[in-house]
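Have the sequence and the 3D view open as you read.

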Amino acid sequence: MDSSYFVRNSSALPSPALLVYPEKIRSNTAMAVSIAGKPDRLRPHIKTHKTEQIVHIQQEAGIRKFKCATIAEAEMLAKCGAKDVLLAYQPVGPAILRLGELCRAHADVSFQVIADDRRIAAELSEKFSQAGLKIEVLLDIDPGMGRTGVPPDENAAEFYLELGKLKGIVPGGFHCFDGHNNQEDPEKRMSAAEDCLAALNRLKDRVERKGGKVPRLVMGGTSTFPCYAKFE
């Protein structure tokens, strides 16, 4: 075992316990920034740690954009001073109202959500416009993983353009998680990432030819992060 993980006073710790190694986290964060080229290309997902201190370590490295899974995590990020927060699941039912309350309480934070269902988009529009609020919505794209999202086809382009016509909603770009691209062969994984990015760029071109704007692409995960880091 790596001796740097050794805990000298383990008998004094409650079990189970979360052990945090700040210098290792700083080192890993610095490596991620180095791979990406600059911190503003990164959007770490905090669902794996849910810890304010780790968010602050990432902020120390210049990271300003974050991704989360729940309203509670989004609120924690806002309290940490994060100004760009993406909720990577579409809010449903009461979560929409909670999100509206969060946006009102932290008006200085740019919150974004994803959507892959027209009914959810319509409900977001209704609730946010009634409250006098706006929310950026990213269209969730399914790259073939089959978990969430819509295929990057003509229907997706039309859906995205429809978002721009809904009150209380600002189209924020595309979100695409390709967690299934974890091929052991680096060349095969890179090829899969290239195909995924090409599909999103074709969709972006379709939208822009029809007058829409795609301000951002949020894509990749642990396996494909090194691949996308090689692209502009």
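First, some ground rules. This is a predicted model, where local features need pLDDT of at least 70, side-chain atom pairs count only at pLDDT 80 or more, and totals for chains, interfaces and linings use all residues. Residues are numbered from 1 along each chain as its sequence is written, and side-chain values use heavy atoms, with hydrogens and water left out.

**Helix α7**

Let's start with α7, which runs over residues 186-209. Helices (H or I, at least four residues) and strands (E, at least two) are DSSP runs here, numbered from the N terminus. With its 24 residues, α7 reaches 34 Å from the first C-alpha to the last, close to the 34 Å expected at 1.5 Å a residue. That expected span is 1.5 Å times one less than the number of residues in the helix.

Which residues of α7 are buried? They are M190, A192, A193, C196, L197, A199, L200, L203 and V207. "Buried" means under 20% relative accessible area, "exposed" means over 50%, and "partly exposed" is in between (1.4 Å probe, protein chains only). An α-helix has 3.6 residues a turn, so residues three or four places apart point the same way.

And what do the buried residues of α7 pack against? Their partners are the strands β4 (135-141), β5 (169-176) and β6 (217-219), plus the helices α6 (154-163) and α8 (225-228). Contact here is heavy atoms within 4.5 Å.

D185 caps the N-terminal end, with a side-chain oxygen 2.8 Å from the backbone nitrogen of E187. After the helix comes G211, which has a positive phi, near 95°.

**Salt bridges**

How many salt bridges does the structure hold? There are 15, each being a side-chain nitrogen of Lys or Arg within 4 Å of a carboxyl oxygen of Asp or Glu. Here are three of them.

| Pair | N to O distance |
|---|---|
| R26 and E60 | 3.4 Å |
| K83 and D108 | 2.4 Å |
| R118 and E162 | 2.8 Å |

Take R26 and E60, which meet in a salt bridge. This pair links distant parts of the chain: R26 belongs to helix α1 (residues 22-36) and E60 to helix α2 (residues 52-60), 34 residues apart. R26 is partly exposed at 33% relative accessible area, whereas E60 counts as exposed at 57%.

K83 sits in the loop between α3 (71-79) and β2 (84-87), and D108 in the loop between α4 (94-105) and β3 (110-115), so the pair ties together parts 25 residues apart in sequence. K83 is partly exposed, at 40%, and D108 is partly exposed, at 48%.

Then there are R118 and E162, joined by a salt bridge. The pair links distant parts of the chain, with R118 in helix α5 (residues 118-130) and E162 in helix α6, 44 residues apart. R118 counts as partly exposed at 35%, and E162 is partly exposed at 33%.

R118 has another contact to show: it lies over the face of F159, 4.6 Å from the ring centre. (A charge sits over a ring if NZ of Lys or CZ of Arg is within 6 Å of the ring centre and within 35 degrees of the ring normal.)

Salt bridges also link E154, E158, R206 and K210 in a network.

**Aromatic rings**

A search of the whole structure finds three aromatic pairs. Rings of Phe, Tyr and Trp (its six-membered ring) pair if their centres lie within 6.5 Å; planes under 30 degrees apart count as stacked, over 60 as edge-to-face and the rest as tilted.

One of the pairs is Y5 and Y21: the ring centres are 5.0 Å apart and the planes at 75°, so the pair is edge-to-face. Both Y5 and Y21 lie in the segment before α1, 16 residues apart in sequence. Y5 is partly exposed at 36%, and Y21 is partly exposed at 22%. K24 lies over the face of Y5, at 4.4 Å from the ring centre.

Another pair is Y160 and F174, with centres 5.2 Å apart and planes at 70°, so it is edge-to-face. Y160 lies in helix α6 and F174 in strand β5. Y160 is buried at 2%, and F174 is buried at 0%.

**Two backbone details**

S15 and P16 are joined by a cis peptide bond, with omega about 0°; P16 is in the segment before α1. K50, in the loop between α1 and α2, has a positive phi near 50° in a residue other than glycine.

Notes:
Polar contact = N/O pair within 3.5 Å; in protein donor to acceptor, adjacent residues only side chain to side chain.
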